[in-house]
Amino acid sequence: MFCNQCEQTFHQTACVNSPGTCGKDQDIQSLQETLLYGLKGMAAYAHHARRLGKHDEEVSAFIEEALFATMTNVNFDLETLLGYCLQCGEMNLRVMQMLDAAHVETFGKPAPTMVTEGTRAGPGILVTGHDLLDLWQLLQQVEGTDIKVYTHGEMLPAHMYERFREHPNLAGHYGGAWQDQKKEFAAFPGPVVGTTNCVLIPPESYRGRLFTTNAVAVPGGTRLASGDFGPVIEAARTAEPCAEHVVRTSTVGFHRSVLLEQAPAIVEAVKAGKISRFFVIGGCDGAEKGRNYFTDYAQATPPDSFILTLGCGKFRIRDHDYGEHLDLPRLMDMGQCNDAYGAIAVALALAEAFDCGVNDLPLTLVISWFEQKAVAVLLTLLHLGVKGITLGPQPPAFVSPNVFKVLQERYDLRLTGSDATADLRVAVGT
Ligand code: SF4
Ligand code: SF4
């Protein structure tokens, strides 16, 4: 364990042996950190929702109480802290639901949408991160000009919303997941706007044309806190224009509302044995080699199954042709990481239609995690009692062996193995 949060920390450095000076052991420290990280992830989603005019007083009150529970000499009880973690998952579900509603109300009805990937000739601005309001404000400010705006990374799902679909300056998508941004931003000639987490400290090559918004700030970048994108637009005017270089087209926009419209047909198809299983494969992406597990897993899914993906984990699996089944693409992109709410809503609707529990559905969740939003989403799934989730590519370092054992015993939480195909067979029971 490692704790340095109070004055009596061991040798004025940190309590690294369990228990620490106050008596807190590594399992309590582990649950406090899990709670703290879940709260951070939830706070990011809540911040986006608040910017769109929505907040939930009960969530805010919970954040205060849960933070209080992580202070020195407040709570040494494993079950209580585990309960707080699950409650964090419950609150995060409310927050993701609130954000989903805010996105639809503000930006219009989602629909499957074909997106052009690459660049078109002319001045361009690239927008990365998750904050759709930043993207919208920028689009409003370039309206009527010849400046084209492109999404990057987790901004890709913006294209599914009606108001973004119809905006003449939103020209397409450029690049992949966050970990590729140093290469991709260096190659993009215009200014780049980082709206949230998963922005990297820029190298010299594009430092002068990286802008960030609100809480986001990096050395060498220019932080904009007022919603005025004038400096970005000015930079687009003086930068070298983009070349005409279209790489491909792809389809996004299988939002929960789109899938739920198909629910009766999906239920009938499952009952008739025409759909063997649904896989949710997604979450975060990252640079580690082990993340090929998710690529292998997706490619091993049977041809009569569907893969729902979300988060930037999609970039790990979307470069493969999975074909169609029942006139629908087998791989369906549901949106950003916060659209995990959509996957949950679809699962709950199917469970209701089949009059069974979520764990009785032909559904397998394979979640790639990287940062604290993924912790919040995992806690939401555990709060809902979802069992048999596979998590990877590495176990969270802040989860102690004992706490992990508890999660395995109660939720059958699994870790990614070395053989994705073998794990898939275990998951589907063949
Ligand atoms: S809270 Fe406890 S474990 Fe942490 S630094 Fe203080 S005495 Fe050590
Ligand atoms: S899904 Fe996770 S890793 Fe990917 S951009 Fe979003 S927060 Fe970052």
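**Close-up views of a predicted model**

View 1. At 36% relative accessibility, Val74 counts as partly exposed. We're looking at a predicted model here, as in every view that follows. Val74 sits in the loop that runs between helix H2 (57-69) and helix H3 (78-107). Together with Phe68 and Met71, Val74 makes a nonpolar surface patch of about 280 Å². For a sense of distance, the C-alpha atoms of Val74 and Gly313 are separated by 37 Å, and the two residues are 239 apart along the chain.

**View 2. Asn73 and its backbone.** Stay in the loop between H2 and H3, because that's where Asn73 is found. Asn73 isn't a glycine, yet its phi is positive, at about 60°.

View 3. Which residues come nearest to ligand 1? Out of the 13 residues around it, they are Cys3, Cys6, Cys15, Cys22 and Thr72. Sort the shell around ligand 1 by class and you get five nonpolar, seven polar and one charged.

View 4. Is Cys312 buried or exposed? With 8% relative accessibility, Cys312 counts as buried.

View 5. How many disulfides does the model have? The count comes to zero. A disulfide is a covalent bond between the sulfur atoms of two cysteines, and the cut-off used for the count is 2.5 Å between the sulfurs. The closest cysteine sulfur to that of Cys85 belongs to Cys88, and at 7.1 Å it's too far for a bond. Cys85 is also buried, at 1% relative accessibility.

**View 6. Arg51 meets Asp134.** Side chains of opposite charge can pair when their charged atoms come close. A search of the whole structure turns up 20 salt bridges, and one of them joins the side chains of Arg51 and Asp134, at 3.0 Å from N to O. Arg51 lies in helix H1 (residues 26-51) and Asp134 in helix H4 (residues 132-142), so this pair ties together parts that are 83 residues apart in sequence. How do the two partners compare in accessibility? Arg51 is partly exposed at 24% relative accessibility, whereas Asp134 is buried, with a relative accessible area of 2%.

**View 7. Arg94 meets Glu58.** In this close-up, the side chains of Arg94 and Glu58 form a salt bridge, 3.4 Å from N to O. It's a link between distant parts of the chain, with Arg94 in helix H3 and Glu58 in helix H2, 36 residues apart. Both ends count as partly exposed: Arg94 has a relative accessible area of 29%, and Glu58 has one of 45%.

**View 8. Glu261 meets Lys109.** The closest N and O atoms of this salt bridge are 2.8 Å apart. Glu261 belongs to helix H9 (residues 256-261), while Lys109 is in the loop between H3 and strand E1 (113-119), so the pair links distant parts of the chain, 152 residues apart. Glu261 counts as exposed, at 55% relative accessibility, and Lys109 as partly exposed, with a relative accessible area of 43%.

**View 9. A salt-bridge network.** Which residues does this network join? They're Glu117, Arg248, Arg318 and Asp319, brought into one network by salt bridges that share partners.

**View 10. Two cis peptide bonds.** A cis peptide bond joins Ser18 to Pro19, with omega at about 0°. Pro19 has its place in the segment before H1. A cis bond also joins Gly392 to Pro393, and omega there is about 5°. You'll find Pro393 in the loop between strand E15 (390-392) and helix H14 (401-411).

**View 11. Leu326 and its positive phi.** Where does Leu326 sit? Its place is in the loop between strand E11 (324-325) and strand E12 (328-329). Leu326 is a residue other than glycine, but its phi is positive, near 55°. At 39% relative accessibility, Leu326 counts as partly exposed.

Key. Residues numbered from 1 in each chain as written. Chains lettered and ligands numbered in written order. Predicted model: local features only at pLDDT ≥ 70, side-chain atom pairs only at ≥ 80, totals over all residues. Heavy atoms only, no water. Buried < 20%, exposed > 50% of the residue type's maximum accessible area, 1.4 Å probe, protein only. Patch = residues over 30% accessible without salt bridge, like charges linked within 9 Å, V, L, I, M, F, W, Y side chains within 5 Å. Areas by Shrake-Rupley, 256 points an atom, 1.4 Å probe, with all protein chains shown as cover. Salt bridge = Lys/Arg side-chain N within 4 Å of Asp/Glu carboxyl O. Helix = DSSP H or I, 4+ residues; strand = E, 2+ residues; numbered from the N terminus. Near = heavy atom within 4 Å. Nonpolar A, V, L, I, M, F, W, Y, C, P; charged D, E, K, R; others polar.
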